[in-house]
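Dear colleague,

Please find the structure below, followed by a summary of what was found in it.

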Amino acid sequence: MRSPSTSMTRVPSVMRRLMPMAVRKALVRKRCQRVICMGGVSLGPYASTTLRHGDKIATTADCPLSPSPTHGITPVMTTLAHISDIHLAPLPPVPLRALFSKRVTGYLNWRMNREKAMSGEGLTNLVRHMREHRPDVTAVTGDLTNLALDAEINTAYNWLQTVGDPRSVCVSPGNHDAYVRGALEKALDRWGPYTRGETVDKSPFPFVRRHGELAVIVCSSAVPTAPLMARGEFDDAQAERLSRCLSLLGEAGYFRVVLIHHPPNLELRHPRLGLWGARTFRQVIAQQGAELILHGHTHKSSIYAVPGKTGDVPVVGVAAAAAAQSVQAGDDPARYNLFKVERHGSAWSCTMREFGFQRLSTDIVLRLQLRIY
Ligand SMILES: [Fe+2]
């Protein structure tokens, strides 16, 4: 278990040890609320709102994303689901004019490799299985589409509605959602509330979703790139905003989960496929800390770590949900991850379970269970 960032700094340590546990927890809660409630800006679940600096995280009592009333006193289990790389099939008819762009290479790839994947049953079953756990928050880390065609963007919106209400589902876009110039803007506009939350200024990313003591910070690495490129970008401006979000939420005692489509690990850097700016991303995590980082893009299950402020931060990649339709060479079968986060006194408990398909059967099974904190 790891100690949350919040501490009872105003009470001498000798006195703290003599206090009943309930009083000590109440002091933690009081400090959390002092930080959290100084803003007073009303947050709407569907509108982008602003997290202001100067130790203010805006919130109101009736905000669905506000901390639980039991914040810091009664342990509240929060369940977070993670799914990624949906690559919704089948591909809709592609207008000829759309092929006079990078889309022509993606279209040929589709025809040669993915076209056989016409059944949506596997994905439907995977999502149904995930929803049976009733996750409080579902993180979708990008690549909902293949060529980011208008029709695909619409289909992706319909699919998101099958995953859950926009208040409990958040999307970090992937490189396929920004396949050509202008596509990402269309996707963000169509997917609307699934891609919005609290922000530190008018910039759309990162945005923050809060549920109980969990804060999900949604970054974007999606940028249009040249043909045969699938890299992502994380620039200095987004890094500065991520740093402010992590600082504010860390001081307020949240369990901070960072979402990004491309993996930020040194081990997975690749000039054509990797994250440009990964070093900058890791510097922010090293300076401000985080409790968990989730990504997609590799189409493989993976667990790594990057250095954080007080210790290593787990980095978990999930296999592509698209593989529920057909497993491509090198991809893992379709899976999703389920995290359960709970505060225990002054420490966190976080367990992870991986559910998904096996190569030799169509059953969805529990494949892995581990304690992260
Ligand atoms: Fe993908």
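**Overall fold and selected elements**

Of the contacts in the protein chain between residues at least 6 apart in sequence, 68% join residues at least 24 apart; two residues are in contact if their C-beta atoms, placed from the backbone, lie within 7 Å. This is a predicted model, in which local features need pLDDT of at least 70, side-chain atom pairs count only at pLDDT 80 or more, and totals for chains, interfaces and linings use all residues. Residues are numbered from 1 along each chain as its sequence is written.

The protein chain has 8 helices and 16 strands (DSSP runs, H or I of at least four residues for helices and E of at least two for strands, numbered from the N terminus). Of its 373 residues, 47% count as buried, that is, 20 or more other C-beta atoms, placed from the backbone, lie within 10 Å of their own.

Helix H7 covers residues 236-251. Its buried residues include Arg241, Leu242, Cys245 and Leu249. Among the elements covering the buried residues of H7 are strand S6 (207-211), strand S9 (255-259) and helix H8 (278-288). After H7 comes glycine 253, with a positive phi near 85°.

Alanine 321 touches Ile83, Leu123, Leu126 and Tyr336, among others, leaving aside residues up to four places away in sequence.

Strands S12 (residues 302-307) and S13 (residues 312-317) run antiparallel and are joined by 6 bridges; strands pair if DSSP finds at least two bridges between them. A hairpin of 4 residues connects S12 to S13, and proline 307 stands opposite aspartate 312 in S13.

Yours sincerely

Technical notes
Expected span 1.5 Å × (residues − 1). Buried ≥ 20, exposed ≤ 12 C-beta atoms within 10 Å, placed from the backbone.
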